[in-house]
Amino acid sequence: MEKIVLGIFAHPDDAEILCAGTLALLKKAGWSVHIATMAPGDKGTAEYSREEISKIRKTEAAEAARLLDSGYHCLEFEDVYIMYDRESINRTTSLIRKIRPSIVFTHSPVDYMNDHETTSKIVQTACFSTGMKNLEITEIPYEPVPYLYYCDSMEAKNIFGQLIFTSMFADITNEISMKEEMLACHASQRNWLLIHHKMDEYILSMKRFGENRGKEINVSYAEGFRQHLGHGYPQDNVLKEILGDLLIVVAQELKQNLLRDH
Ligand SMILES: [Zn+2]
């Protein structure tokens with residue numbers, strides 16, 4: 001298996017908030033890391049033009065990615081106009097075929113905004129399409145379908161405020177400083193969040209999120225994941241194989257009981 005992992009998210013800073021700790025763990029385990037965003041974060045500003053903020057945010061995302069010796073890729077769609085259509089599926093599948101990851105991370109299918117949910121769906125289809133020769137793109141198909149993991153939704157809740165069940169937690173306690181350093185690269189967003197989301201502390205809110213997930217497995221900081229286990233996708237948990245004791249799979253017992261009963 002090629003030790004390549006790709007995180008595809010809607011906007012710059014999503015990967016840092018949702019899975020940078022786990023990406024750092026994978027890098028330590030010898031994996032090469034790639035981070036991609038569907039859009040350049042062009043609506044994430046109260047002061048700059050679309051062109052200006054896109055440039056700023058892509059530079060910030062590339063700086064953050066560089067801390068993991070990672071490549072940063074922007075698929076150049078637009079914030080709030082991320083659509084599930086031919087173009088987005090083709091462009092995303094092309095990127096996956098160029099990078100040829102064995103593991104892909106993306107947004108939770110249920111999240112606080114549609115850009116995230118649509119990205120999740122696009123990535124799900126793009127992963128499934130890596131081996132389809134008749135897709136309308138020129139990059140060479142490859143198999144098998146990569147392992148697909150969904151990160152937590154923002155603050156791990158749905159749009160009704162209920163906590164979303166997560167089946168596995170990565171203990172990122174030793175990677176929290178790297179995660180913080182990566183998120184701090186997104187300097188433009190601290191001001192933006194202050195104005196629009198009333199979040200006083202960009203970094204502190206990320207840490208609170210990680211602390212809350214950590215409490216569920218009695219560690220200082222954690223990130224939550226769910227694996228896409230639909231038909232045609234890999235069924236074994238490669239993340240557990242790689243991370244060992246640092247990945248706590250909470251649903252295992254429940255899953256075994258269900259299999260026994262049916
Ligand atoms: Zn986002």
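Helices (H or I, at least four residues) and strands (E, at least two) are DSSP runs, numbered from the N terminus. The model is predicted: local features need pLDDT of at least 70, side-chain atom pairs count only at pLDDT 80 or more, and totals for chains, interfaces and linings use all residues. Residue numbers start from 1 along each chain as its sequence is written.

**Backbone in the loops**

- Most residues other than glycine have a negative phi, and most peptide bonds are trans.
- The loop between E5 and strand E6 (168-171) holds Glu-155, whose phi is positive, near 60 degrees.
- Asp-69 counts as exposed because it has 9 C-beta neighbours inside 10 Å.
- A cis peptide bond, with omega near 0 degrees, joins Glu-143 to Pro-144; Pro-144 sits in the loop between helix H4 (114-128) and strand E5 (147-151).

**Packing of H5 and H7**

- Helix H5 (residues 176-184) and helix H7 (residues 202-215) have axes that come within 10 Å and cross at roughly 145 degrees (axes are lines fitted to C-alpha atoms over the stretch in contact, and angles run from 0 to 180 degrees between N-to-C directions).
- Ile-176, Glu-180, Leu-183 and Ala-184 in H5 meet Tyr-202, Ile-203, Met-206 and Gly-210 in H7, contact being C-beta atoms, placed from the backbone, within 7 Å.

Note on methods
Buried ≥ 20, exposed ≤ 12 C-beta atoms within 10 Å, placed from the backbone. Contact = placed C-beta atoms within 7 Å.
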